[in-house]
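Please keep the sequence and the model in view while reading.

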Amino acid sequence: CPPGNFECENGICISTLKRCDRTVDCENGFDEMNCAYSHSCDGHICSSGECTYTCHMAYCISMSKVCDGIPDCPHQDDEMECETLV
Ligand SMILES: [Ca+2]
Ligand SMILES: [Ca+2]
């Protein structure tokens, strides 16, 4: 990858600005791995008035994105545990 770019595990190049921005840009979420986010999340917490869900890699998404049919977690686990809620 050229300078200023981050290489995904599959060789795709993305801007380093997209690394650790809490949005999955690499196909497998590689750009969001090993990130030191500004705050840690253990289970379900509420911060700044917004409830968040924690994916399997300490990756936070809004609770409203859980079970919305769109994979938001790097491992898509926000959609995987929906069956049990039915
Ligand atoms: Ca990203
Ligand atoms: Ca989702």
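The model is a predicted one. Although Cys 67 is not a glycine, its phi is positive, at about 60 degrees. Cys 67 counts as partly exposed because it has 16 C-beta neighbours inside 10 Å, a count that falls between the limits of 12 or fewer for exposed and 20 or more for buried.

Pro 71 is found in the loop between β5 and α1 as well. With 16 other C-beta atoms within 10 Å, Pro 71 is partly exposed. Apart from neighbours within four places in sequence, Pro 71 is in contact with Gln 76, Asp 78 and Glu 79. Pro 71 and Val 24 are separated by 47 residues in sequence, while their C-alpha atoms are 9.7 Å apart in space.

The view may now be widened to the whole protein. It has five strands and one helix, and from the N terminus on these elements follow the order β-β-β-β-β-α. Of its 86 residues, 17% count as buried. Among contacts with a separation of 6 or more, 12% are accounted for by residues 24 or more positions apart.

The confidence of the prediction remains to be considered. The mean pLDDT of the protein is 74, and 66% of the residues reach 70 or more. Over residues 38–50, pLDDT stays under 50, and for this stretch the model has 14 contacts beyond four places in sequence.

Key
Residues are numbered from 1 along each chain as its sequence is written. Chains are lettered from A and ligands numbered from 1 in the order in which they are written. This is a predicted model: local features need pLDDT of at least 70, side-chain atom pairs count only at pLDDT 80 or more; totals for chains, interfaces and linings use all residues. pLDDT is the predictor's confidence in each residue, from 0 to 100. Two residues are in contact if their C-beta atoms, placed from the backbone, lie within 7 Å. Helices (H or I, at least four residues) and strands (E, at least two) are DSSP runs, numbered from the N terminus.
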